[in-house]
Amino acid sequence: MQPSVPLRRVATLAASALALLAAVTLAPHSANASAARLDGPQLAAAMTTLDSSEQIPGTAWVSDPSTNKVVVTADPTVTGEKLDRLNTVLKPLGDVVELRRTATELKLYIRGGDAIYGSSASSIRARCSLGFNVKRAGLPDAFLTAGHCGNPIKSWAETDGGTEIALTPDNGSSFPGNDYALAAYPATGAVTHPSEVYLYNGTTQAITGARDAVLNESVQRSGSTTGLHGGTVTGLNASVTYKEGRVTGLIQTNVCAEPGDSGGALFAGTQALGLTSGGSGNCTTGGTTFYQPVTEALSAFGATIP
């Protein structure tokens, strides 16, 4: 039986969060930028310090080898007392960090729409995009989506308030800290769930495995709001502090996304890379997106692709 387009999307996307970094550089945190080349341990130490700092929503950071800095981004909500608190965190780090601003808010998105929804058994009426279908030894097949989707939504359907097609088990969702969740299909196999990503042109991309992302590689993202878009990986091990909490160890890209795309599949050819977490910007002016590495989610759930 051939899967319907929504079920192919169920082989694709997982939704909720995006509006990232059309970042406009403000200025280095220090007026006297050091000409000396910083080494890896210095950048790693700065990342560790920032990851353990107080949580200021609307901020993100990533080690950027092209600038030899830890680039810290603050969205438009970081003003006044929040900006003072951020500067207090950054000041001891000196020239290791560079502060930038974005024109749009950094946040998560869950909204009504078309991909996968809370079922009739769920009190939450929201849409997310499914990421990837997975297998588990001795357990029913399942799909991965974003943790900020799996936290509030446990019962999933193809249509808003429709019949349940998958269920997020206890301990099946992790957010904040991480941003991944799993939903198991019925053991009867009643739901068709191929290992593929819908490309929004009537075709699909087979997904045969998973790996870690590589800096500067070309990637694609499929999402239920804006369809298929491509770009490059611009950072690894990034951290983002949303209003809902901090997530670390993320992939950063210059691929655009919009509300409803979050949790969707990030991939390179046949290889699964990540699940859309959040960001800023849009697909008209461009933006930045962050992704939960899929290999971490697979390891957490003892799952494989396909």
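Visitor: What makes C128 and C149 a disulfide?
Guide: This is a predicted model, and the call rests on distance. The sulfur atoms of C128 and C149 are 2.1 Å apart. The cut-off is within 2.5 Å, so the pair counts as a disulfide.

Visitor: Why is the disulfide of C128 and C149 called left-handed?
Guide: The torsion decides. About the S-S bond of C128 and C149 it is about -100 degrees, so the link is left-handed.

Visitor: Which parts does the pair of C128 and C149 tie together?
Guide: C128 sits in strand β6, residues 127-128. C149 sits in helix α4, residues 147-150. The tied parts are 21 residues apart in sequence. Both C128 and C149 are buried.

Visitor: How many disulfides does a search of the whole structure find?
Guide: Two. C256 and C283 also form one, with their sulfur atoms 2.0 Å apart. That value is within 2.5 Å, so C256 and C283 pass the test as well.

Visitor: Where do C256 and C283 lie?
Guide: In loops. C256 is in the loop between β18 (245-253) and β19 (265-268). C283 is in the loop between β20 (271-282) and β21 (286-293). The pair links distant parts of the chain, 27 residues apart.

Visitor: What is the handedness of the link between C256 and C283?
Guide: Right-handed, with 95 degrees about the S-S bond.

Visitor: Why does C256 count as buried?
Guide: Its relative accessibility is 10%. Buried means under 20%, so C256 qualifies.

Visitor: What makes C283 partly exposed?
Guide: C283 has a relative accessible area of 24%. Under 20% would be buried and over 50% exposed; 24% lies in between, so C283 is partly exposed.

Visitor: What is the pairing of the bonded cysteines, numbered in sequence order?
Guide: The pairing is 1-2, 3-4.

Visitor: Is G281 buried or exposed?
Guide: G281, in strand β20, has 12% relative accessibility. That is under 20%, so G281 is buried. G281 and T102 are 179 residues apart in sequence, yet their C-alpha atoms are 8.4 Å apart in space.

Visitor: Now the aromatics. Why are F143 and W156 called an edge-to-face pair?
Guide: Two tests apply. The structure holds five aromatic pairs, and F143 with W156 is one of them. Their ring centres are 6.0 Å apart, within 6.5 Å, so they pair. Their planes stand at 75 degrees, over 60, so the pair is edge-to-face.

Visitor: Where do F143 and W156 sit in the chain?
Guide: F143 is in strand β8 (residues 139-145), and W156 is in strand β9 (residues 155-157). They are 13 residues apart. F143 is buried, at 0% relative accessible area. W156 also counts as buried, at 0%. F143, W156 and Y185 form one aromatic cluster.

Visitor: Which residues of helix α3 are buried?
Guide: Within α3 (residues 80-90), K82, L86, V89 and L90 are buried.

Visitor: How do you know that these residues lie on the same side of α3?
Guide: By the arc around the axis. They cover only 95 degrees, which puts them on the same side of α3. Spacing matters in general: an α-helix has 3.6 residues a turn, so residues three or four places apart point the same way. On the other side of α3, D84 and T88 are exposed.

Terms used
Residues numbered from 1 in each chain as written. Predicted model: local features only at pLDDT ≥ 70, side-chain atom pairs only at ≥ 80, totals over all residues. Heavy atoms only, no water. Helix = DSSP H or I, 4+ residues; strand = E, 2+ residues; numbered from the N terminus. Buried < 20%, exposed > 50% of the residue type's maximum accessible area, 1.4 Å probe, protein only. Phe/Tyr/Trp six-rings, centres within 6.5 Å; stacked < 30°, edge-to-face > 60°. Arc of directions from axis to C-beta.
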